[in-house]
Amino acid sequence: MTEQTITIVIEALKAALTEEQVTINETVRELHGRDESYHGLQLPDIVVFPETAEQVSAIMKISNQFHIPVIPFGLGSSLEGHVIPTEGGITIDFSLMNKVLEIMGNDFLVKVQPGVTRLQLNKELKKYGLFFSVDPGADATIGGMVATNASGTTSVKYGVMRDQIRDLEVVLADGMVIHTGNLAAKSSSGLHLNGLFTGSEGTLGCFTEITLRVYGIPEHVSAARACFPSVNDAVEAVVSILQAGIPVARVELVDEPSIRQANLYSETDYQEKPTLFLEFHGNEAGLKQDVEFMKDIVEGHGCSEIQFETDTASRNKLWEARHNLAYAFIHGYPGKKMMVTDVCLPISELAGAVAHAREHLESLGLIGGIVGHVGDGNFHVLLMMDLDNPEETAKAADFNERIVLYALERGGTCTGEHGVGIGKQKYQQQEHGDALLVMEKIKQALDPHNLLNPNKNVKAAEKGVHL
């Protein structure tokens, strides 16, 4: 944007919002020019802080009038460059829209604004004996989690973000405000717009209100840590547990280098072997039977040690060690930046994919640990690299591409939960084929001027492209 255009747009935004809700402060712009990924900083021209859907609609109308890009922003915890304003424009920060609007306990539903964070929501729900299940590790905003179709450690039992959405209030590119669903548990009416907008990464609209499914807090929770001779043994144990119908709520794979790093950072003394972190939810009597059955299964797969934790403090320590692994590597290798890979495969292909990743990691001389939500075939490599070393960054890019192509060739996906953003765009054609043309047509229909988070996820169809 030219300085003259910026000035005109700022005045229009201040008229629609208030002077305090609009800023061009360079420090604020820098905070909104990056996320947690390795992608470079790019500044928005303006940052706005709306408080209502009406104000978001007004922002979009101004964007549409002047053809200025708009980038929705939660906390900036995304990992593929989703919130980086590649063409400048207006960043909409939803931090002031952070209210839990309504808790419908008898319907197991909650209505929130997009700036509400996961921990904030669960603190409110706890008063009603309820909890929100999706746990990506970071205390992300609910709006951001919807935008990327987040999942995490509990998805094996409760499902991913898309499974929790009942209704979204969405502001479209032209300022129109729509609702994508209702409060009913099921519907056969119309197209499934909840599924369309969830995971759209801010490229189809801005969420201003979100209605979610929530769950009763389990009567009893038990966690366990099980060590195995190899990653293959651990993955095969998970397959057997799932085949047996044991209601596991979380099952996470952590490889040897990651356990070593966790011990250093979290001051634990876990055996440095491929390890499963597991958690079970249910009633005490039923869980006792499930746990005994699980013990028999893992021992049949060579489990050398299994340790159970039932009190809250011990369970929290176990899961903190898992959730803090990224920080463990970051603190362990100062001066390096983390690239977090994110592929998902059929569970039957997971052990081979992890072995393939470890082999190439070592062949390239790169530092990293492997962790995974093995219950649904999703794993990550926590890869440490020096962004100022061209050789190292080239190796990291090569490594990421190798594991993505391995997953795609076996019926998997380039991203299980982090999203496409900037980093995974180049794999969309290979993964989706002609279906990508359909996605591009949808983007073009809803955002004809390509103003909503341009250059992310799915781009608008080029003129002259026909299905």
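Helix H3 (residues 53-66) lies across strands S2, S3 and S4, running at about 170° to S4. Helices (H or I, at least four residues) and strands (E, at least two) are DSSP runs, numbered from the N terminus. Axes are lines fitted to C-alpha atoms, for helices over the stretch in contact, and angles between N-to-C directions run from 0 to 180 degrees. This is a predicted model, in which local features need pLDDT of at least 70 and side-chain atom pairs count only at pLDDT 80 or more, while totals for chains, interfaces and linings use all residues. Residues are numbered from 1 along each chain as its sequence is written, and side-chain values use heavy atoms, with hydrogens and water left out.

The sheet in question is open and has four strands in the order S1-S2-S4-S3, with mixed pairing. Strand S1 (22-23) and strand S3 (70-73) stand at its edges, each with a single partner strand, so one side of each has no neighbour in the sheet. Helix H1 (residues 3-16) also packs on the sheet; H1 touches S1, S2 and strand S4 (90-93), and its direction makes about 5° with that of S2. Contact means heavy atoms within 4.5 Å. Two strands pair if DSSP finds at least two bridges between them. S1 and strand S2 (residues 46-48) are antiparallel, with two bridges; valine 22 has valine 48 in S2 as its bridge partner.

A hairpin is formed by S5 and S6, with four residues between them, and phenylalanine 108 in the turn has a positive phi of about 55°.

The structure also holds six aromatic pairs. Rings of Phe, Tyr and Trp (its six-membered ring) pair if their centres lie within 6.5 Å; planes under 30 degrees apart count as stacked, over 60 as edge-to-face and the rest as tilted. Two of the pairs are given below.

| Pair | Centre to centre | Angle between planes | Type |
|---|---|---|---|
| Phenylalanine 131 and tyrosine 158 | 5.5 Å | 85° | edge-to-face |
| Tyrosine 270 and phenylalanine 277 | 6.0 Å | 85° | edge-to-face |

Phenylalanine 131 and tyrosine 158 are both buried, that is, under 20% relative accessible area, where exposed means over 50% and partly exposed lies in between (1.4 Å probe, protein chains only). Tyrosine 270 and phenylalanine 277 are likewise buried. Phe131, Tyr158 and Tyr215 make up one aromatic cluster.

Asparagine 457, in the segment after helix H16 (435-446), is buried, with a relative accessible area of 10%. Among the residues in contact with asparagine 457, apart from its neighbours within four places in sequence, are Gly199, Ser200 and Gln428.
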